[in-house]
Amino acid sequence: MNKKNSLYTIFLEEAAELVSGLENDLLVLESNMSDRQLVDQIFRAVHTLKGSSGMVEYSLFTSLAHEFENILSRVRSGDLKITGNLITVFLNSTDVLKQLVSVDPKISERELGPEVRVAVENLKKFKGMQPEFDPVEQKTAGMAGENFSEKHIQITLKFKPDIFVSGTDPLMLLKELSQMGEFVRIKCNPGAVPVLDSFKYESLYLSWELILKTDFPVSSVENVFVFVKENNTIVVEDISSKFVEGVDLRYADKMLGEILEEEGYVTENDLKKIAETQKRVGEILVENKNVDTSVVNRLLKSQQKSRDFQVSQTIRVDAYKLDRLVNLVGELVIGIARVNQIVTENHYKNRELNDASEHLERISRYIQEQVMKTRMIPIEGTFRNFQRVVRDMAGELSKRIKLFLAGSETELDKTLIEQIDAPLKHLIRNSIDHGIGSPEERLSTGKPVEGSIWMRAYQQEGKIIIEVEDDGKGIDKKEVLKKATERGLYKGGDLSDKEIYNFLFTPGFSTAKSVTEFSGRGVGLDVVRKNIENLRGSVEVFSEKGKGTLFRIKLPLTLAIIEGMQVSIGKEVITVPLFSIIEAVRPESNIVKTIEGKGELIEFRGGFIPLIRLYEVFDFPTDVTDPLNGFILILDGHNRKIALMVDDIIGQQQVVIKSLEKNHHQIPGISGATVLGDGRISLILDVYGLEKLAFGEKEKK
Amino acid sequence: MNKTILIVDDSATLRASVNFVLTDAGYNVLQAKNGEEGLAKLLENKRTGEKVDMIISDINMPVMDGITFIKEVKKGDFRFIPILILTTESENSKKMEGKAAGASGWLVKPFKPEQLVWVVKKFVR
């Protein structure tokens, strides 16, 4: 209390001083009405008076100072000309302020309330009024009128939960808004408020949807959020066109329930609950025997179909245009990554720039995602064609086979869809021809006469997975090994299932005893694998003799961009697709073993993995030749793991693939190149190519 | 070690109010009437080896206004000190200017003591 009193005393002293200065200045101004500096000084005094009185909560004083300041700011901005009349009003107001300082605030309302209100009214007269004889003044008034016409502004506020930490109180923002006009709608969404257990009192869980009726331009409303707009979702939109004479035109198309929910009177849940208890029109009509159930159901179906059509409205776009867009966005991402890197390196110099560039990067990622999505089409079409293939082929081979499809809605890049068709067809033919036996064979092994093939597509860990599975004979490992020995591929020793199945993918390898019209003519799984690897995918086989076989194809979501890990070898930076990396390890003890005939291996998790020294393969000069000083990446090779030795790991970033073939020629082990954030060129590793390059060479040696 | 806050405002009432509130909350408070005095205080404090942890500044002041002051602060050794600007609800454009000049936050006048303490706590830890 004591402090409050002493604060008040300070205010009185300050105010008395300012008011008397104000009076003086106004008198001087009367003799020299064009003294802008003096106007500024007067404005400042009144501004300070307003602020100070606000601090001591002397609201009567503040109300007058506020209006005084308003008119003065019109003078400052040139909207209002100083006239003798105006100065008289200013002086009168100053007198009232002087009186307000001299009386006890407790009785000021009773004593001076009416006088303050008269002074405020007198000031307000200058708010929009212009001297009629001055055409220039009239013009500015007209312009002001256009800008400051009444409008409805919709404001959506979604703050980050930790907004309080940055010292911002949304309540202050709302208060500020409320001073700019009148809220036509206030809806607060409490949806994100968690259960008490996980409720953090320092977090904000609410978001708002507001409609503000205001005379201020949209920009002024936006300015309220100048400190928070970067990190939060703030949308300010002029929706005046939807309001005519205060009527919300959008209500016409809405149900009462929706409107109530939008206005925040009821929640979505309330509506749902009610909807559950309510009978549908159809049910009531059926109950009253006005109409038959079958009719209702049929019409509901037609209605749904019609709605589906409406929903999936499409625009046909030339694929070439999309390709160009994808390329351009790729360039954009590279460009922004460069800017971002430069900004990060100079981080401490300009925080604002840093924020802006991060924002830009985020948006560019969204754009990229969206653009990529425009190229995505469901695999449904491809899948559906196989129904026919299976039916026709099974018929010709006198087999009974049923095809089950799952995940047809999975979306793939257009290019992928086009190019995956052939490999899939091959696998399906393989299943029909070699996998599923004749009805007699199947009967004798106790299987249902009708064979099944499943095709599934789904997304997993950022990859597209397509599976072709049959319940046929499965792969006979012994048969495979026999064939491999015949062809000189297998030289004895223990092999894992994966390694055995790997033989199936070597050119010209077939265990089929007969050559049919459809398969088994040498165009084998090697082509399938090559096609899939060209799409930067991989294919795996799982099989159990007598039970069936599963081919699993993994494909990247898109062809234009990959997530890559940047590694260094000497001065070179190589990008390794993250897709292929299983693990990155820093060797702690000497884990490299040399085994006669197999080259270098590293011991890893109880197994042995062949080691590739990248600097050797590409002949890059480097000082790091001891694996202990470098890093080892465990990569997913051809159905086996391979270890790659590099100097160091630099980082991880999305890169846009640039083809080398266009301007150069294909290099084994390299699938393309990219431009990094710092402008350097980085070659992108082709893991399968590298595997071939490294071990092919060793075998030659 | 108490944290030090510099309040720059031409209103004696406001300075006193900030002083009371923040002293109560356990801060050292330095006062300046305008931007020029503010800069002088900063330099003086630097000489004595003390540190200013946060600046609260008004915008509209005689001699040197708040925007110029912030720009000056951001130029030199003191650029890392967070600056909170004081505005009134009618000064939206000032808020933008303040931000552009390098202010980290703002507070609308008049404010309640707890509002002030709360914001200061967010900036000074």
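Modeller: In chain A the confidence is lowest in helix H6 (residues 135-147), where the mean is 33, and highest in strand E15 (residues 572-577), where it is 91. These are pLDDT values, since this is a predicted model. Over residues 129-148 of chain A the pLDDT is below 50, and in the model this stretch has twelve contacts beyond near neighbours in sequence. A further stretch, residues 514-522 of chain A, also has pLDDT below 50, with 16 contacts beyond near neighbours in sequence. For chain A as a whole, the mean pLDDT is 80, and 89% of its residues reach 70 or more.

With that in mind, we can turn to the helices. Helix H2 (residues 36-55) of chain A and helix H3 (residues 59-76) of chain A have axes that come within 9 Å and cross at roughly 155°. An angle over 145 degrees counts as roughly antiparallel, and H2(A) is therefore roughly antiparallel to H3(A). The crossing in which H2(A) passes H3(A) is left-handed. Among the residues that make this contact are Phe43(A), Val46(A) and Leu49(A) from H2(A), along with Phe61(A), Phe68(A) and Leu72(A) from H3(A). The contact also includes Asp40(A) and Lys50(A) on the H2(A) side, and Glu69(A) and Arg76(A) on the H3(A) side. Divided by class, the contact of H2(A) with H3(A) has ten nonpolar, six polar and four charged residues.

Another helix pair in chain A can be read in the same terms. Helix H4 (residues 84-102) of chain A packs with helix H5 (residues 105-124) of chain A at an angle of about 160°, and their axes are 10 Å apart. H4(A) and H5(A) are therefore roughly antiparallel to each other, and their crossing is left-handed. From H4(A) the contact takes Val89(A), Asn92(A), Ser93(A), Val96(A), Gln99(A) and Leu100(A), which meet residues of H5(A) including Leu112(A), Glu115(A), Val116(A) and Leu123(A). By class, the residues of this contact between H4(A) and H5(A) are seven nonpolar, five polar and one charged.

The strands of chain A come next. Strand E8 (residues 401-406) of chain A pairs with strand E10 (residues 451-460) of chain A in the parallel sense, over six bridges, and in that pairing Ile401(A) stands opposite Gly451(A) of E10(A). E10(A) is also joined by eight bridges to strand E11 (residues 463-470) of chain A, and these two run antiparallel, with Met455(A) opposite Val468(A) of E11(A). The hairpin of E10(A) and E11(A) has two residues between the strands, and there Glu461(A) takes a positive phi near 45°.

Further along chain A, strand E17 (residues 592-595) and strand E18 (residues 599-604) pair in the antiparallel sense over four bridges, with Ile595(A) standing opposite Gly599(A) in E18(A). The hairpin of E17(A) and E18(A) has three residues between the strands, and Gly597(A) takes a positive phi near 85° in it. E18(A) in turn pairs with strand E19 (residues 607-613) of chain A, again antiparallel and over four bridges, and the bridge partner of Phe604(A) in E19(A) is Gly607(A). In the hairpin of E18(A) and E19(A), with two residues between the strands, Arg605(A) takes a positive phi near 50°.

That leaves the partner chain. Chain A has 26 residues in contact with 25 residues of chain B. On the chain B side, helix H1 (12-24), helix H4 (92-101), E5 and H5 each supply at least two residues, and H1(B) gives the largest share, six residues. The side of chain B that touches chain A is made up, by class, of eleven nonpolar, eight polar and six charged residues.

Chain B itself has an open sheet of five strands in the order E2-E1-E3-E4-E5, paired in parallel. Its edges are strand E2 (28-32) and strand E5 (105-109) of chain B, each of which pairs on one side only. From one strand to the next the twist averages 20°. E5(B), which is among the elements that touch chain A, pairs in the parallel sense with strand E4 (residues 83-88) of chain B over five bridges, and Ile85(B) stands opposite Trp106(B) in E5(B). Helix H5 (residues 113-123) of chain B packs on this sheet, touching E1, E3, E4 and E5 of chain B, and its direction makes about 175° with that of E5(B).

Definitions and conventions: Residues numbered from 1 in each chain as written. Chains lettered and ligands numbered in written order. Predicted model: local features only at pLDDT ≥ 70, side-chain atom pairs only at ≥ 80, totals over all residues. Pairing = 2+ DSSP bridges. Axes fitted to C-alpha atoms, helices over the stretch in contact; angles between N-to-C directions. Contact = placed C-beta atoms within 7 Å. Parallel < 35°, antiparallel > 145°, perpendicular 65-115°, else oblique. Left-handed = near helix turned anticlockwise from the far one by under 90°. Nonpolar A, V, L, I, M, F, W, Y, C, P; charged D, E, K, R; others polar. pLDDT = per-residue confidence, 0-100.
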